Amino acid sequence: MEDQPVWFEDEMRFGLRTQLKRRWTPKGIRPPGSTRIAYVWTYLYVALSPKQGQLQAWFMPDMQQTTFQAFLDDFATTEKCLLVLDGAPAHRSKLQLPEKVKLQLLPAYAPELNPVERLFEELRKSISNKVFTRLEEVETILTQALQQYWLNPKQLIQLTFFPWMKQENNP
């Protein structure tokens, strides 16, 4: 498996509901801010290769089987690869796998094994404590946040290439 690149994939739901995060303020002072509660959502699909520092992202309308199939069809690379993902229902459904992509499911209830989750932590910071009126605004902010990783692969490697990935699998 060492000769094949390993990619990890996950999805992040985001929308118009304000994501509140803690802020520093003097003791006894309540931080100012506005919030919005709205139930309009979309998804960011991310595939990344921590070892190579490569990142691909798609904005998708939902997390249904047909949408995930469209992602797989678009993701299919020119070289063989292993795509590691969680056990979401769309990932376990009957899919038409591209010939060069092999899927591997992560153990259940182990999001800490997926480096995409670490990237999502950083992306959530970019949209927290902000009020949006349209999904396009959120997508613009997220695209700007992703831009730094596209332009600087070393930053992506530093963020997502976990120490356990460096170990060789010796039989």
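1. Rings of Phe, Tyr and Trp (its six-membered ring) pair if their centres lie within 6.5 Å, and planes under 30 degrees apart count as stacked, over 60 as edge-to-face and the rest as tilted. By that rule, a search of the whole structure finds seven aromatic pairs. The model is predicted, so that local features need pLDDT of at least 70 and side-chain atom pairs count only at pLDDT 80 or more, while totals for chains, interfaces and linings use all residues. Residues are numbered from 1 along each chain as its sequence is written, and side-chain values use heavy atoms, with hydrogens and water left out.

2. One of the pairs is formed by Tyr 45 and Phe 71, which is tilted because the ring centres are 5.7 Å apart and the planes lie at 45°. This pair links distant parts of the chain, 26 residues apart, with Tyr 45 in strand β2 (residues 41–49) and Phe 71 in helix α1 (residues 65–75); helices (H or I, at least four residues) and strands (E, at least two) are DSSP runs, numbered from the N terminus.

3. Tyr 45 has 0% relative accessibility and therefore counts as buried, and Phe 71, at 0%, is buried as well. Buried means under 20% relative accessible area, exposed over 50%, and partly exposed in between (1.4 Å probe, protein chains only).

4. Phe 162 and Trp 164 also make a tilted pair, because their ring centres are 6.4 Å apart and their planes are at 50°. Phe 162 is buried at 17% relative accessibility, whereas Trp 164, at 39%, is partly exposed.

5. One aromatic cluster is formed by Trp 7, Tyr 45, Trp 58, Phe 68, Phe 71 and Phe 75.
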